[in-house]
Amino acid sequence: MSSMYDLLMQLPVFQGVSVDQMTHILEVIPFDFHTYKVGDVILNGGELCPGTSFLLSGRVCVETPVFNRRVRITQMFDAPYTFSLHHLFGAETRVHSTITACSEKTGIMQLKKKDFIRILQENDVTLVNTLNMLCTRAQKQHKAIDFSGETDPVLKLASWMLAFTERAAKEVVVEAKESDWCDMMQLDKPSFWRCVASMEGQHILETENGRLKLLDRYGLKSLVGSKTTQK
């Protein structure tokens, strides 16, 4: 039990739950455990969200199309990680991302929606943790909207990258056509590429076959902070 408890306690949903509470959850809630091989699809984008899934071992690739599929964000996550939670509630209950196993013996623990709701109803700690996760996601993307009217192209791109990517991601690549980047950022082509070159010079991003690869998330956050402080 102690090893399972230690593993689950690394997941944000269960942080702060006592050993006795976790023991009770494991005794009364049916968890499904699955193992996937490299390349196996765990969850397809467009499917109805079946519940909450937790990565317990290995690595997954999360590919998310945004802005009417004009932009594709690819992120890698190592265990422990929680996914599909953000589509469990609300009007849009189809998952946007396709999740693929990127390591042998990728271990996934799944909870049906009704069972996850039962945990939230019976345990205040998991309820608060879940609300914090949902609110943080919503607030991040709201900030990106706030910056959409900015005239500083570097601030626009940097805030967008922060809002639509995850802090826990080990690798982040964003791919879009040049024309789509310019439409989304409301910039002409020379301004967009000057912005990218500036961030490359600070070793925050690099271009790879037309894709933008995030190298330094801390540097990206510091850049946004410095530019917003100046205002």
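Start with Phe 33. Phe 33 stands opposite Met 109 in strand S8. One caution before going on: this is a predicted model.

Now the strands around that pair. S1 and S8, the latter covering residues 106-112, run antiparallel to each other. Five bridges join them. As a reminder, strands of a sheet pair through backbone hydrogen bonds, either parallel or antiparallel.

Step back to the whole sheet. It is open, with four strands. Read across, the order is S1-S8-S3-S6. The pairing is antiparallel. Which strands sit at the edges? Strand S1, at 32-36, and strand S6, at 81-83. Each of these two pairs on one side only. From one strand to the next, the twist averages 25°.

What packs on this sheet? Helix H3, residues 113-122. H3 touches S8 and also strand S3, which spans 51-57. The direction of H3 makes about 75° with that of S8.

Next, a helix pair. Two packed helices are described by the angle between their axes and the distance between the axes. Here the pair is H6, residues 178-185, and H7, residues 189-201. They pack at an angle of about 90°. Their axes lie 10 Å apart. At that angle, H6 counts as roughly perpendicular to H7.

Who meets whom? From H6 come Glu 178, Trp 181, Cys 182 and Met 185. From H7 come Lys 189, Phe 192 and Trp 193. By class, the contact of H6 with H7 has five nonpolar residues and two charged ones.

Terms used:
Residues are numbered from 1 along each chain as its sequence is written. This is a predicted model: local features need pLDDT of at least 70, side-chain atom pairs count only at pLDDT 80 or more; totals for chains, interfaces and linings use all residues. Side-chain values use heavy atoms; hydrogens and water are left out. Axes are lines fitted to C-alpha atoms, for helices over the stretch in contact, and angles run from 0 to 180 degrees between N-to-C directions. Angles under 35 degrees count as roughly parallel, over 145 as roughly antiparallel, 65 to 115 as roughly perpendicular and the rest as oblique. Contact means heavy atoms within 4.5 Å. Ala, Val, Leu, Ile, Met, Phe, Trp, Tyr, Cys and Pro count as nonpolar, Asp, Glu, Lys and Arg as charged, and the others, Gly among them, as polar. Two strands pair if DSSP finds at least two bridges between them.
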